Amino acid sequence: MADRQRITPRAEDFNAWYNDVIMRAELADYSPVRGCMVIRPRGYRIWELMQEALDGMFKETGHENAYFPLFIPQSFLAKEAEHVEGFAPQTAVVTHGGGKELEEPLVVRPTSETIIYAMLSKWVQSYRDLPVLLNQWANIVRWEMRTRLFLRTTEFLWQEGHTAHATADEAEAETQLILGVYRRFMEEWMAMPVITGVKTESEKFAGAVRTYACEGLMQDNRALQAGTSHFLGQNFARAFGTQFQTASGELDYVWSSSWGVSTRLVGGLIMTHSDDVGLVCPPRLAPTQVVIVPIFRRDDERTRVIELGNRMADELRSDGIRVLLDERDGMKPGAKYYEWESRGVPVRLEVGPRDVEKRQAVLARRSGGKAPVSLDELGAGVRGALDDIQVTLLAAARERREANTYRGVDQGQLIEIMEGPGGLAFGGYCGS
RNA sequence: CGGGACGUAGCGCAGUCCGGUAGCGCACCUGAAUGGGGUUCAGGGGGUCGCGGGUUCAAAUCCCGCCGUCCCGACCA
């Protein structure tokens with residue numbers, strides 16, 4: 001056996017395994033810039049699918065997308081005391097532009113509260129202007145000392161929701177509404193069960209009154225902070241003078257929330273499901289859900305098999321399934337199987353001369369098991385398998401969680417756990 | 001910023017201790033056969049050995065300096 005590129009087994013070195021899975025599945029690569037990563041098409045597609053699902057959920061709950069600038073005047077950051085203390089040490093600062101030194105340095109946004117509240121101060125006058133329910137998809141920069149692919153990079157992609165309300169209760173309700181949206185997304189789409197709770201004082205967002213978080217369980221039994229939703233009180237409103245006139249004619253500061261999930265979710269996805277063969281991707285977020293591998297010997301067989309493969313692909317595609325026909329020549333079917341498995345494609349359809357005759361295909365699942373499907377029931381069969389895999393992955397992840405196998409590190413990053421098994425200790429994965 | 005490992009072909013590595021023609025596997029290109037779980041044979045292309053100095057007849061190899069990467073730690077909204 002040749003020295004085939006091997007994925008380090010999880011049991012041997014979990015971190016090496018994680019990197020190997022990413023490189024092997026071609027999800028991302030290291031960039032020439034320290035701490036920054038290149039997200040390759042296969043990895044970016046997962047993020048796009050996440051975005052699609054989340055964006056729909058945000059819109060269903062009344063939010064609108066907007067976009068605020070990448071640069072923030074350095075003085076903005078300093079207006080909220082806790083905020084500047086938390087973020088100033090990890091900002092990138094632009095001091096020159098157009099060959100000249102800037103009068104005021106510009107911070108590359110580490111988060112957008114400050115610039116958004118500066119704008120809301122202009123836009124909000126009356127209680128009738130509230131609530132404001134905004135979201136933006138953006139990139140941000142935080143100068144981290146140590147980075148890891150997807151989990152913590154200097155620049156990363158995320159969404160940040162920012163809402164302003166007339167009352168504390170409304171803002172609090174919004175904060176928890178989004179926490180629920182996140183939980184639903186993580187469980188229904190990522191098949192990643194999470195525990196929700198309140199972050200400790202030292203772990204909360206700098207400038208928030210209270211931070212809620214979704215924590216996922218990774219296969220090395222460590223928790224991963226997968227999403228946060230912050231109740232900001234009136235902190236930013238006071239700092240930026242975001243006032244409105246109430247129905248009774250008084251002036252008050254708006255109450256607000258902010259919340260975000262990032263490309264770290266892709267890392268969480270990997271660490272939740274993947275195995276020593278490579279990536280395991282829940283069908284709903286799989287860039288390719290079905291790969292069709294043709295098998296043939298002679299040219300005439302090739303013609304017939306490829307033709308059938310194309311028909312199958314067309315049918316599935318029209319059914320909304322993300323399917324790919326692997327026509328590459330000179331590569332044996334077995335080699336293709338291994339490759340697509342390491343890339344996390346949940347379902348494989350094998351089509352050979354025997355199948356053409358029997359009007360069927362052999363459906364193989366990424367996690368094992370093969371069975372023939374009649375062409376007449378192809379769509380239903382594939383759809384059923386995809387749904388089943390999605391459910392099975394969540395159940396398996398739940399089982400690990402219920403087994404309470406969290407690593408016994410008692411750093412207690414969450415206080416007041418809201419759901420899930422109680423009394424769990426959180427050994428922070430990459431902290432917060 | 002500390003500790004560890006490393007830097008030789010696109011990728012993974014050997015060669016470094018003990019200086020003497022730059023090698024192996026995978027990948028890639030050409031041709032033929034092969035094809036239901038990682039094909040085989042034959043031929044071929046590809047290298048400032050991280051960078052800069054020094055020692056030497058001769059440096060991937062020894063000495064000095066620098067740069068970079070990964071892992072662990074500190075940091076982590």
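I started at strand β18 (residues 360-365), which five bridges join to β19; the two run antiparallel. This is a predicted model, so I read every value below as computed.

I looked for a residue pair across these strands. L363 stands opposite A371 in β19.

Next I traced the whole sheet. It is open, has five strands and mixed pairing, and its order is β16-β15-β17-β18-β19. Which strands form the edges? They are β16 (323-325) and β19 (370-374), and each pairs on one side only.

**Helix α2**

I checked the length of α2 (residues 41-60). Its 20 residues should span 28 Å at 1.5 Å a residue, and the end C-alpha atoms are 28 Å apart, so the two agree. I listed buried residues in α2; among them are W47, M50, L54 and F58. Residues three or four places apart in an α-helix point the same way, because there are 3.6 residues a turn. Just after α2, I noted G62 with a positive phi of about 90°.

**E172**

I found E172 in helix α6 (residues 168-188). Is E172 buried or exposed? Its relative accessibility is 15%, under the 20% cut-off, so E172 counts as buried. What does the side chain of E172 meet? A polar contact of 2.5 Å joins it to the side chain of R210. Leaving out residues up to four places away in sequence, E172 touches R210, Y212 and F231.

**Backbone exceptions**

Most residues other than glycine have a negative phi, and most peptide bonds are trans. I went looking for departures from that.

E26 is not a glycine, yet has a positive phi of about 55°. I placed E26 in the loop between α1 (14-24) and β1 (28-30). With a relative accessible area of 25%, E26 is partly exposed.

A191 also is not a glycine and has a positive phi of about 55°. I placed A191 in the loop between α6 and β9 (194-199). A191 is buried, at a relative accessible area of 0%.

Last, I looked at the bond between L130 and P131. The peptide bond there is cis, with omega about 0°. P131 is found in the loop between α5 (113-123) and β7 (132-141).

Definitions and conventions:
Residues are numbered from 1 along each chain as its sequence is written. Chains are lettered from A and ligands numbered from 1 in the order in which they are written. This is a predicted model: local features need pLDDT of at least 70, side-chain atom pairs count only at pLDDT 80 or more; totals for chains, interfaces and linings use all residues. Side-chain values use heavy atoms; hydrogens and water are left out. Helices (H or I, at least four residues) and strands (E, at least two) are DSSP runs, numbered from the N terminus. Buried means under 20% relative accessible area, exposed over 50%, partly exposed in between (1.4 Å probe, protein chains only). A polar contact is a pair of N or O atoms within 3.5 Å; within protein, one must be able to donate a hydrogen and the other to accept it, and residues adjacent in sequence count only if both atoms are side-chain atoms. Contact means heavy atoms within 4.5 Å. The expected span of a helix is 1.5 Å times one less than its number of residues. Two strands pair if DSSP finds at least two bridges between them.
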